[in-house]
Amino acid sequence: MGGPHVVATHHGLGGRDADGPGPDTAASETSFSGRSESDGPDSGRGQSDRPDSDRPEPCRGQFGSPESGEPAPRRPRVARGFGDRVFRFQLTATGVVVLAIMAAVGLFLLLRAGQALRVAKFSFFTTAAWQPDAHNFGIAAVLTGTLLIAAVAVTISVPLAIATALFISDVAPRKLRRTLVAMVDLMAAVPSVVYGLWGLFLLQQNVIGLSRWLSDWFGWIPLFRVDGTQPGDPLASASVYTASTFIAGIVVALMVAPIQCSVMREVFAQAPAGEREGAYALGATRWGMIRSVVLPYGKGGIIGGTMLGLGRALGETIAVYMIISPVFVIQPHILQTGSNSVSALIALHYGDASPFGMSALMAAGLALFVLTLAVNFTASTIAARSRSGAQSEA
């Protein structure tokens, strides 16, 4: 019972078939315990008598292999019902329609701007003057003004939006949150012309003192220098500080801040509650929890909200048109009167433009369209790499 034994083949004990193993081979594949060395402790009991067709197949999958025997995860297969298929089709169709509309808008602008672009060529991006009928036109001045106004707006709106979103999501009492959310959303619904009137008749006359102070103390920086004034001169005319890039940027900042705040607030509110409680359990203060949990998690929302506001700031028309004094020179001094933007240029010359002038305006609109798309695509790429962005993509 305890001695060695040899398992016989189906051709007879010790017999050798042309295709089967011989006695020496059969003996070498057995051990003195009556079981193969590769078998488990319970595999010797009736295991060798089972035919090969009844034995379980080794796992085969993405990570497992027949040799290693590692279990491979199975991808679940869910049978989609009719409603799921309809919903999936609607989402796909909506995405295709949105992309088709964007492509159609770009193609329309390109076709209408072709005449002006063929005449101006590369000088369209380097010329500051705007005289399309004399074939002397370009967007160097208006594009510079557009970028400066958007930069001022984002510089002011982003800290304001982040602070407001954090206050609503993590500091304000629960009963007060709904009121604050409603007020922020209501600010986003105010028409642009209302902001323009407010900036023109109320903000401008009250911000001249701030502009003068910035010019006196930071005039050594070219961005804050105002031509024709001396630091500390009490007799300097206040008119040199009106209708400036700075005032237009403040108005646009208050217009885009509610949109940015809404996006950031939604992302901050989704920060994992377990990580919040864990930070408190480790002795963190409320600001410490926000700094170590909420802000890192909401990086994608901060970037997305900032770029969404920047896209609107680049294309804002009515409020900027009502405040600025249009000039067609590259004007880098944000506190000094005179500025311009692509959208304000289109609104200013659309009514009296000749056919060739209309083509030039379409070329300016095409440049703004491409710039806005580049900003949004860059923002989506950066936000998708963040933690909150990756979870939203999943």
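In which helix is Val194 found? Select Val194 and you are in helix 5, where helices (H or I, at least four residues) and strands (E, at least two) are DSSP runs numbered from the N terminus. This is a predicted model, in which local features need pLDDT of at least 70 and side-chain atom pairs count only at pLDDT 80 or more, while totals for chains, interfaces and linings use all residues. Residues are numbered from 1 along each chain as its sequence is written, and side-chain values use heavy atoms, with hydrogens and water left out.

At 42% relative accessibility, Val194 counts as partly exposed, a class lying between buried (under 20% relative accessible area) and exposed (over 50%), with a 1.4 Å probe and protein chains only.

Next, select Trp213 and Phe218, which form an edge-to-face aromatic pair, 5.8 Å centre to centre with 70 degrees between the planes; rings of Phe, Tyr and Trp (its six-membered ring) pair if their centres lie within 6.5 Å, and planes under 30 degrees apart count as stacked, over 60 as edge-to-face and the rest as tilted. Trp213 is partly exposed at 44% relative accessibility, and Phe218 is partly exposed at 31%.

Then move to Phe124 and Phe137, another edge-to-face pair, with 6.0 Å between centres and 70 degrees between planes. Phe124 lies in the loop between helix 2 (82-120) and strand 1 (130-131) and Phe137 in strand 2 (residues 136-137), so the pair ties together parts 13 residues apart in sequence. Both Phe124 and Phe137 are buried.

A search of the whole structure finds 7 aromatic pairs.
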